[in-house]
Amino acid sequence: MDCHEIEMQLYDLATDRLTDEERRSVERHLDACTVCTEKLAIIRETLPLLEHWSPPELPPDFADQVIRGIKLRQDPWWRKVGQALFSPWYIKIPLEGLAATAVLLVFIAYQSGYLFITDTTTREITVTVKGEDAPQPIVMESPDLEDARLKLTAMVKEHGGMVVRRQPVGSDLKMVLKIAQENETPFLQALGRLGKTTAPPEHYKDSQGNIVIILKKK
Amino acid sequence: MVSRNDKASENTEEKAALFEKVRSGDLDALRLFIKKFEREVFELCYALLGDPVKARQAAQDAFIKFYDARHRVHHPGPYLLRIARNLCYDEIENGTKTVEASGKNDKKGIGIIDTLKNNHNPLEILLEIQQDVEEEELWEKRKIQMSKAMKKLSKEYKEIIVIIHYQGKSYKEAARILQIPLGTVKSRLNRAIVKLGKILMEGS
């Protein structure tokens with residue numbers, strides 16, 4: 001081995017890091033080389049002196065100082081808001097689009113009057129006003145609705161008809177009746193016997209041809 | 001008995017797990033990470049700059065820069081030391097003059113008071129104080145000599161001594177940090193210590 005190769009191992013020799021074989025090989029060279037021997041002597045004298053060098057202590061809050069420095073450098077508020085709204089864009093933008101569409105649909109539905117209608121009477125009136133074929137029912141007034149209903153039912157049966165449906169509408173009662181066409185005129189004339197009756201000339205039938213009567217409490 | 005290799009491996013795994021948390025932006029993990037590496041980073045900066053204030057600033061900047069680059073780091077320890085070293089090189093190249101650290105402390109005074117409180121024979125007390133003072137003086141003298149000698153070394157020699165001798169890094173790790181071949185690491189270390197020895201001899 002030449003001096004350059006030996007020089008690379010002097011520190012390891014002085015700090016006892018060489019294998020026995022490596023150490024013997026270096027020592028063989030040193031026996032015949034005064035330059036390398038002198039370098040080894042300097043290294044051996046210098047190593048104990050190295051313990052006299054040490055940096056001063058760091059302040060105990062050094063890590064906190066670094067963290068503060070990092071926080072100060074972090075993103076401004078508008079970038080944070082942007083990231084919260086749009087990052088990652090491939091998830092948040094479709095979700096936000098769906099949410100916006102849903103809000104828009106709810107708004108349109110509300111404006112069209114399909115939402116928040118809990119009163120069935122109101123709904124009935126709305127339909128009546130808007131629908132072209134909607135019935136303008138015959139309205140009958142009576143102090144006793146149950147009595148009027150029973151009498152009306154009996155009269156329908158007398159004219160060979162039937163009560164298709166009865167439905168409370170607020171405090172009133174809606175009766176949908178099926179009467180054969182040939183019995184319709186005598187039935188309408190007989191209605192006058194039951195009480196005060198308003199019969200519009202047309203549109204008192206629904207789309208199925210049933211007569212619609214509203215019994216109102218007088 | 002746990003071997004040195006097992007301990008080193010455990011330590012490496014622990015550091016890797018900690019770094020993963022740092023990578024995810026966990027600032028508590030970063031605090032622990034800094035605690036683990038602050039001494040090494042500061043030691044290198046102090047050796048290169050010779051001024052504790054500038055060394056502290058460089059170490060702080062190194063950690064901040066490291067945190068910014070955490071997503072593209074594969075070997076956190078060597079990368080961090082490389083950043084610190086490069087920042088110190090920049091500082092040196094900017095022509096900043098280094099300031100000698102005083103290294104003084106008040107240990108001596110406290111020692112004397114404690115001795116006076118705990119001993120009863122005045123002659124013994126005086127002899128002990130005399131010995132302590134001589135040892136302290138010799139230690140301080142050598143410390144100043146070493147500090148001066150270290151400052152006279154080139155930055156390449158300073159860093160190789162710190163990384164291998166003081167921090168106990170392997171030649172391979174040093175090669176990774178300094179980005180030089182393994183053979184260069186070995187020859188540079190030996191030359192650095194011989195040079196330091198010669199400076200110390202000239203000084204005394």
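In this predicted model, B:R31 reaches across to the other chain and forms a salt bridge with A:D64, the closest N and O atoms being 2.7 Å apart. Between chain B and chain A the count is 2 salt bridges, and the contact between the two chains involves 44 residues of chain B and 36 residues of chain A. Together the chains bury an area of about 3900 Å², of which carbon and sulfur atoms give 70%. On the side of chain B, the residues B:R39, B:N190 and B:I193 supply 14% of the area buried against chain A, more than any other three residues. A network of salt bridges also links A:E7, A:K39 and B:R191.

Over all chains the salt bridges number 16, and several of them can be followed within a single chain. In chain A, A:R23 forms a salt bridge with A:E27, with 3.5 Å between the closest N and O atoms; the two residues are 4 apart in helix α3 (residues 20-32) of chain A, and are therefore separated by about one helical turn. A:R23 is partly exposed at 27% relative accessibility, and A:E27 is partly exposed at 33%. In chain B, B:K54 forms a salt bridge with B:E91, where the closest N and O atoms are 3.9 Å apart. Because B:K54 lies in helix α3 (residues 52-68) of chain B and B:E91 in helix α4 of chain B, this pair ties together parts that are 37 residues apart in sequence. Relative accessibility is 28% for B:K54, which counts as partly exposed, and B:E91 is likewise partly exposed, at 24%.

Helix α4 (residues 76-93) of chain B also holds B:R85, which counts as buried at 11% relative accessibility. Beyond four places in sequence, B:R85 touches B:L44, B:L48, B:E159, B:I177 and B:L178. Leaving aside neighbours within four places in sequence, B:L178 is in contact with B:R85, B:E159, B:I160 and B:I163. The C-alpha atoms of B:L178 and B:N86 are separated by 9.7 Å, although these residues are 92 residues apart along the chain.

The structure holds 0 disulfides over all chains.

In chain A, strand β2 (residues 162-169) and strand β3 (residues 172-178) run antiparallel and are joined by 7 bridges. The bridge partner of A:V169 in β3(A) is A:D172, and the hairpin has 2 residues between the strands, with A:G170 taking a positive phi near 65°.

Confidence in chain A has a mean pLDDT of 82, and 85% of its residues reach 70 or more. Within chain A, confidence is highest in helix α2 (residues 10-14), at a mean of 95, and lowest in helix α8 (residues 120-130), at 40. Over residues 117-134 of chain A the pLDDT stays under 50, and for these residues the model has 10 contacts beyond four places in sequence.

Notes. Residues are numbered from 1 along each chain as its sequence is written. Chains are lettered from A and ligands numbered from 1 in the order in which they are written. This is a predicted model: local features need pLDDT of at least 70, side-chain atom pairs count only at pLDDT 80 or more; totals for chains, interfaces and linings use all residues. Side-chain values use heavy atoms; hydrogens and water are left out. Contact means heavy atoms within 4.5 Å. Two strands pair if DSSP finds at least two bridges between them. A disulfide is a pair of cysteine sulfur atoms within 2.5 Å. pLDDT is the predictor's confidence in each residue, from 0 to 100. Buried area is the accessible area (1.4 Å probe) that two parts lose on being put together, summed over both. A salt bridge is a side-chain nitrogen of Lys or Arg within 4 Å of a carboxyl oxygen of Asp or Glu. Buried means under 20% relative accessible area, exposed over 50%, partly exposed in between (1.4 Å probe, protein chains only).
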